[in-house]
Amino acid sequence: MNEGTATLEKSVVKPEKRLYTYDEVVAEFPETNQPCELWDGELVMSPSPSFFHQEIVGRFYYQLYQWVTKHKLGKVIGAPIDMILSPHRVTQPDVAFIAKDRLGIIGRVINGPVDLAAEVISLGNRNRDRIEKRDLYEQYGVKEYWIIDPEAQTVEVLFSEDGRYRLLMRCTVGETAASQLLPGFEVAVTGLLHGE
């Protein structure tokens, strides 16, 4: 390699990663069912979740939907649906509940934090769901956060008190997880994780 080539290689600058607002994403990309979130303006796309993941999401959604509908408490939705927390922060909770007195946040998407969010942890997203989303949901005021972990065989229920999450319970197979936000709503961990 001659001196001119070495100088040229050193001067090559990698392009900066593009940061977006939610409005820019909507304007520039087609609608998709592919998991897609916005983290500090960075567009994060994931592969489709596994069949097993979606079975668990479906079971949780069904139980929550049945409870909320029976008691006329609000609305329940499953991913993919955008929850806009700020112009640069958009997530897609696996399952979300919006209380009937807050249904005004529902438009084409959810404009603000839901009352209850549930995430089923995927192997590649452990850190995102357990730490990053937990912190984000706490910061933006999601009142109750369910972390469903198929690998650890646990369901954790966190509830916001004075703007901070408190772990209400960590349940495993054979135990029942319960909501503080929705008194009486309970989920058997064995049935949720294994369909039994």
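1. Strands here are DSSP runs of E of at least two residues, helices are runs of H or I of at least four, and both are numbered from the N terminus. Two strands pair if DSSP finds at least two bridges between them. Axes are lines fitted to C-alpha atoms, for helices over the stretch in contact; angles run from 0 to 180 degrees between N-to-C directions.

2. The model is predicted: local features need pLDDT of at least 70, side-chain atom pairs count only at pLDDT 80 or more, and totals for chains, interfaces and linings use all residues. Residues are numbered from 1 along each chain as its sequence is written, and side-chain values use heavy atoms, leaving out hydrogens and water.

3. Strand S10 (residues 154–161) pairs with S11 in the antiparallel sense, over 8 bridges. Thr154 has Thr172 in S11 as its bridge partner. Contact means heavy atoms within 4.5 Å.

4. The whole structure holds 8 aromatic pairs. Rings of Phe, Tyr and Trp (its six-membered ring) pair if their centres lie within 6.5 Å; planes under 30 degrees apart count as stacked, over 60 as edge-to-face and the rest as tilted. Phe60 and Trp146 form a tilted pair, at 5.1 Å centre to centre and 55 degrees between the planes. Phe60 is in helix H3 and Trp146 in strand S9, so the pair ties together parts 86 residues apart in sequence.

5. A further open sheet has 5 strands in the order S2-S1-S5-S4-S7, with mixed pairing. Its edge strands are S2 and strand S7 (110–111). Strand S4 (residues 83–86) and S7 pair in the parallel sense over 2 bridges. Within S7, Asn111 is the bridge partner of Ile84. H4 lies across S1, S2, S4 and strand S5 (89–91), at about 65 degrees to S1.
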